Amino acid sequence: MDLFEETPNWEAKLEPILKKYKGKKHPLDYKNTYQLLVMVVLSAQDSDANINSIAPALFEKFPTLESLAYADPEVFKSYISKVKNYPTKLQWLLEIAKTIQKDQNIPLTMKELTALKGIGRKSANVILRETNKAAEGIIADLHVIRVAPKIGLIKEAKDGIKAEKDLMLVLPKSIWSEIGMAISFLGRETCRPKPKCEECLITAVCNYYSTQA
């Protein structure tokens, strides 16, 4: 083997899913950046479907960040009580609302977003991607943590922080914005815990597929 063999051209290898999912909206059914921010915080350790189900009533009552900043905590609680770990998320969101005050003040950089309570790198990466801002990392949700090692991109990771760090080392920055959601959608639709390999667009480069009899 050539000791100077080049790093795999993952951008080319992953092109089929990059093309398929490019620009596809995140499964959270938000209508603006304010709603996206709130729903991303609420969705931690919960399902997008559950957050989507409570969103219409929540945003009818609290249509802007300013309205949330002055919300009665007990009233706000009644709208998010079906969300996992809602007492903590309630405090996070009220603090965010009081800090930012207005929708137009929502920060859109990694540093400023992760300075807010309840927003880690994964959430910030989602917000940056969905608002078409320059990527400062790679979305590493539960689907990415599970699927990226199966493809052979990284070794198994226990959490999103490790997975994202490892992905950033092997993937060119030019695809950071889209590749996280592309792998996430692949995991949601095709590379399930029981994978539908016959439907997958990247079996030719997939480590898991190559090891199957």
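Where does asparagine 85 lie? Asparagine 85 sits in the loop between helix 6 (73–80) and helix 7 (86–100).

This is a predicted model, in which local features need pLDDT of at least 70 and side-chain atom pairs count only at pLDDT 80 or more, while totals for chains, interfaces and linings use all residues. Residues are numbered from 1 along each chain as its sequence is written, and side-chain values use heavy atoms, with hydrogens and water left out.

**Overall build**

The chain has 13 helices and zero strands. Helices (H or I, at least four residues) and strands (E, at least two) are DSSP runs, numbered from the N terminus. The radius of gyration of the chain is 19 Å, close to the 17 Å that the globule rule gives for 213 residues, so the chain is as compact as a globular protein of that length. That radius is taken over C-alpha atoms, and the globule rule is 2.2 Å times the number of residues to the power 0.38. Along the principal axes, the C-alpha atoms fill a box of roughly 65 × 30 × 30 Å.

Of the 213 residues, 45% count as buried. Buried means under 20% relative accessible area, exposed over 50%, and partly exposed in between (1.4 Å probe, protein chains only). Contact means heavy atoms within 4.5 Å. Among contacts with a separation of 6 or more, 61% come from residues 24 or more positions apart.

The accessible surface comes to about 11,600 Å². Carbon and sulfur atoms hold 53% of that surface. Accessible areas come from the Shrake-Rupley method with a 1.4 Å probe; for residues, only the protein chains shown count as cover.

Asparagine 85 has a positive phi of about 60°, although it is not a glycine. Asparagine 85 is partly exposed, at 43% relative accessible area. Asparagine 132 also has a positive phi of about 60° without being a glycine. Asparagine 132 lies in the loop between helix 9 (121–130) and helix 10 (142–151). At 70% relative accessibility, asparagine 132 counts as exposed.

**Helix 10**

Why is helix 10 described as largely enclosed by the rest of the structure? Seven of its ten residues are buried. The buried residues are Val144, Ile145, Val147, Ala148, Pro149, Lys150 and Ile151. They pack against helix 1 (10–13), helix 11 (160–170), helix 12 (176–189) and helix 13 (207–210).

Both ends of helix 10 have local features to check. At the start, a side-chain oxygen of aspartate 141 reaches to within 3.0 Å of the backbone nitrogen of histidine 143. Just after the helix, glycine 152 takes a positive phi of about 110°.

Cysteine 206 touches this helix too. It is found in the loop between helix 12 and helix 13. Leaving aside neighbours within four places in sequence, cysteine 206 is in contact with Lys150 and Ile151. The C-alpha atoms of cysteine 206 and alanine 148 are separated by 9.6 Å, with the two residues 58 apart along the chain.

**Buried residues and their partners**

| Residue | Relative accessibility |
|---|---|
| Leucine 28 | 1% |
| Glutamate 164 | 4% |
| Cysteine 206 | 11% |
| Aspartate 48 | 15% |

Glutamate 164 is found in helix 11. Its side chain makes a polar contact with the side chain of arginine 121 (2.7 Å). Not counting residues up to four places away in sequence, glutamate 164 touches Arg121, Asn125, Gly137, Ile138 and Ala140.

Aspartate 48 lies in helix 4 (residues 48–61). The side chain of aspartate 48 makes a polar contact with the side chain of arginine 188 (3.1 Å). Beyond four places in sequence, aspartate 48 touches His26, Pro27, Leu28, Ser43 and Arg188.

Leucine 28 belongs to the loop between helix 2 (15–21) and helix 3 (33–42). Setting aside neighbours within four places in sequence, leucine 28 is in contact with Met39, Val40, Ser43, Asp48, Ile51 and Asn52. The C-alpha atoms of leucine 28 and lysine 155 are separated by 28 Å.

Definitions and conventions. Polar contact = N/O pair within 3.5 Å; in protein donor to acceptor, adjacent residues only side chain to side chain.
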